[in-house]
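Subject: Structure handover

Hello,

Here is the structure for your files.

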Amino acid sequence: MATRTDTQSPAPHVADSHDLIRVHGARVNNLKDVSVEIPKRRLTVFTGVSGSGKSSLVFGTVAAESQRMINETYSAFVQGFMPSLARPDVDVLDGLTTAIIVDQQRMGADPRSTVGTATDANALLRILFSRLGQPHIGSPGAFAFNVPSVRASGAITVERGAKKAVKATFNRVGGMCPRCEGRGTVSDIDLSQLYDDSKSLAEGAFTIPGWKSDSQWTVQVYAQSGFVDPHKPIREYTEKELHDFLHGEPVKVKVNGVNLTYEGLIPKIQKSFLSKDKEAMQPHIRAFVERAVTFRTCPECDGTRLSEAARSSKIEGVGIADACAMQISDLAGWVRGLAEPAAGSPKSDYATVAPLLTSLAGTLDSFVEIGLGYLSLDRPAGTLSGGEAQRVKMIRHLGSSLTDVTYVFDEPTIGLHPHDIQRMNDLLLRLRDKGNTVLVVEHKPEVIAIADHVVDLGPGAGTEGGTVCFEGTVEALRAGGTVTGRHFDDRAALKKTVRTPAGHLPVRGATKHNLRDVDVDIPLGVLVAVTGVAGSGKSSLVHGSLATSSAAAEEGVVAIDQGAIRGSRRSNPATYTGMLDPIRKAFAKANGVKPALFSANSEGACPDCNGAGVIYTDLAMMAGVATTCEECEGKRFQAAVLEHRLSGRDISEVLAMSVAEAEEFFAAGEARTPAAHKILGRLADVGLGYLTLGQPLTTLSGGERQRLKLAVHMGEKGGVYILDEPTTGLHLADVEQLLALLDRLVDSGKSVIVVEHHQAVMAHADWIIDLGPGAGHDGGRVVFEGTPADLVAARSTLTGEHLAAYVGD
């Protein structure tokens with residue numbers, strides 16, 4: 001070791017002076033020339049009401065420019081194949097480091113995507129079983145339910161010297177179950193929903209919507225095909241007639257002198273209905289599909305998705321399907337146990353996979369550490385909540401050796417019980433302490449409290465936001481006069497009096513997922529909070545057991561979750577809520593033209609961008625690029641359409657209005673449109689007054705999506721509303737407005753059941769059902785039923801302890 005002599009340097013090295021990310025003049029979305037300096041290697045939390053511009057600053061400006069500059073490091077040859085990313089609308093952006101974005105975007109809902117495939121865990125398990133599994137069946141692909149087995153043989157010509165034809169065979173062993181094709185479920189069509197077998201085709205046997213026996217061409221094809229007797233009741237068909245009727249191969253037939261294609265009823269239904277997106281169907285067609293098609297567990301693989309060979313290969317009695325079905329915390333223990341082989345096992349085999357076992361155990365331990373130990377690797381990725389999906393994405397970064405990286409998080413505590421928030425805080429601080437810059441968009445005071453630096457945006461939402469109201473420490477924020485500072489220490493008090501139930505919804509013997517034969521009576525006519533740590537069984541009880549019960553059907557249950565709203569980039573709040581129809585009619589009436597002109601998806605669309613307002617370029621594995629259409633300048637409509645006005649505004653200006661503005665605009669005068677005004681009032685009620693009518697649905701957060709669904713469902717006649725964490729994405733100041741809305745719903749005669757972690761909602765509830773005591777197989781039981789005051793007094797559960805601390809009892 002060389003001798004080192006430290007000498008005091010007269011001045012810090014110039015390389016150490018770059019300790020700030022400087023943003024000057026940011027104008028992305030609603031930002032109004034924002035300038036801010038963010039300290040590097042510190043934890044900075046961005047706060048402000050929903051729609052104040054936090055995401056525009058953090059994701060749309062800082063992270064977007066970092067990604068653009070990384071792309072520019074590729075060679076000119078590679079860049080020639082990619083359109084350049086547009087630079088964010090900002091004057092100066094200095095001091096950036098590589099940004100790693102961990103957002104709330106749901107994982108793909110592909111039926112073959114699971115927690116294991118979305119992380120590295122399944123890939124490592126497949127290699128492990130291909131090395132140690134007995135009997136040995138093949139390479140890692142033999143254990144992959146996404147890889148089908150392939151066999152082929154024939155003559156191939158090898159062009160090497162003199163051409164020579166040789167016979168070759170090809171064989172690849174895959175792990176996909178051939179019956180369900182790796183999906184784990186198979187669909188069955190209920191024939192009784194397609195036709196009445198006591199009638200003949202001539203008597204109108206079909207019960208499929210739109211299929212009438214007298215004039216419908218499709219029906220005439222069956223009646224005049226010659227394969228079946230149109231005057232014989234279907235139940236009297238011979239075996240051959242029934243096979244031709246249900247499963248017949250496509251064949252040309254002549255009907256009334258016209259050549260048409262005849263094919264069996266089942267393939268016809270599959271092509272006509274089942275190949276289409278159910279959400280895009282008309283309501284009566286969707287209802288028919290839901291009645292006629294049932295999904296059940298694949299009988300061949302028992303839902304494991306794997307072939308018989310893949311299931312037969314085991315390590316110490318455990319197959320790969322068993323391993324994937326284990327709770328991850330248990331699987332981590334099993335993997336660690338493999339490092340110490342059982343007596344009589346050939347130790348050399350285990351020694352050869354020691355690095356693999358270490359890596360797999362590390363990945364599984366990361367799940368446990370981040371609070372997802374209750375999941376299993378075979379859990380479909382599409383069923384994860386936004387918060388769970390975000391934490392799954394975090395796993396690959398926990399053990400990273402990278403430093404001086406900017407990590408960007410979007411509300412990482414979503415879906416976490418107060419008990420688990422401390423664990424998330426520890427992870428954020430650990431990333432910072434490794435020398436990284438951590439930027440967090442967050443509303444929870446527990447996370448804001450650990451920040452080194454706070455940037456508060458506002459003062460309002462939408463056009464009333466977009467400015468920096470405060471920069472500094474948490475202590476200074478508390479003392480500041482901003483909306484966040486004033487509400488930082490807000491604590492909801494326990495109700496002095498609670499409502500009396502008007503009845504009960506019984507749930508008996510609930511066993512979905514981890515529920516352990518739960519019996520519970522859920523009171524009606526009151527505000528009920530279902531609580532418990534993440535993974536304790538709340539959603540399984542409320543969405544899986546209660547919402548699907550016969551008692552719930554009688555009461556008219558409306559279940560509203562945070563699932564993605566089906567819709568393209570063209571969908572927006574105006575189209576989703578049905579508000580655009582009365583608006584188009586109002587424009588058409590005022591100008592004496594057709595309503596279709598005022599649709600960006602129909603006749604009025606800009607021909608260059610087809611009414612999208614932007615031109616999208618898909619970059620395959622990289623994020624796509626959107627550039628504003630030069631022809632319509634992003635307005636989406638033809639110039640001629642924009643000449644038509646209603647109360648001085650054209651259709652693009654109306655779609656650019658916020659809900660609050662539009663509510664005032666359509667209330668009176670020439671633009672008075674009661675149908676649109678009623679919907680706008682519901683959107684304002686649920687706290688979405690800042691959204692613009694034309695904002696793409698793909699840009700909404702999970703909480704915004706749920707509140708948009710709530711606004712739509714408030715027009716329905718359901719008696720029981722089920723909400724899944726409605727406080728997601730809500731600022732502390734907006735929680736009060738949400739509680740007032742829930743009170744109005746209950747006072748109007750509705751029953752409201754809320755799955756929630758926010759203590760303010762718990763304190764405000766009339767009745768609490770607490771599940772636990774832990775997550776996964778440590779949960780699934782009702783550990784408390786009663787009023788919030790009783791829960792605080794008992795302090796018998798984790799929820800009770802945290803609620804007591806929250807209300808200061």
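The notes below cover aromatic contacts and one surface patch.

This is a predicted model, in which local features need pLDDT of at least 70 and side-chain atom pairs count only at pLDDT 80 or more, while totals for chains, interfaces and linings use all residues. Residues are numbered from 1 along each chain as its sequence is written, and side-chain values use heavy atoms, with hydrogens and water left out.

Aromatic pairs: there are 12 in the structure (ring centres of Phe, Tyr or the six-membered ring of Trp within 6.5 Å; stacked under 30 degrees between planes, edge-to-face over 60, tilted for the rest). Phe227 and Tyr262 are stacked, because their ring centres are 4.7 Å apart and their planes are at 25°. Phe227 is in the loop between α5 (217–223) and α6 (239–247) and Tyr262 is in strand β10 (residues 258–262), so this pair ties together parts 35 residues apart in sequence (strands are DSSP E runs of at least two residues, helices H or I runs of at least four, numbered from the N terminus). Tyr262 is buried at 1% relative accessible area, whereas Phe227 is partly exposed at 29% (buried is under 20%, exposed over 50%, partly exposed in between; 1.4 Å probe, protein chains only). Both belong to a cluster linked by ring pairs, together with Tyr195, Phe206, Tyr222, Tyr237 and Phe245.

Charges over rings: the face of Phe145 has Arg126 over it at 5.6 Å from the ring centre, and Arg305 at 5.2 Å (NZ of Lys or CZ of Arg within 6 Å of the centre and within 35 degrees of the ring normal).

Surface: Phe77, in helix α2 (residues 76–79), is exposed at 61% relative accessibility.

Regards
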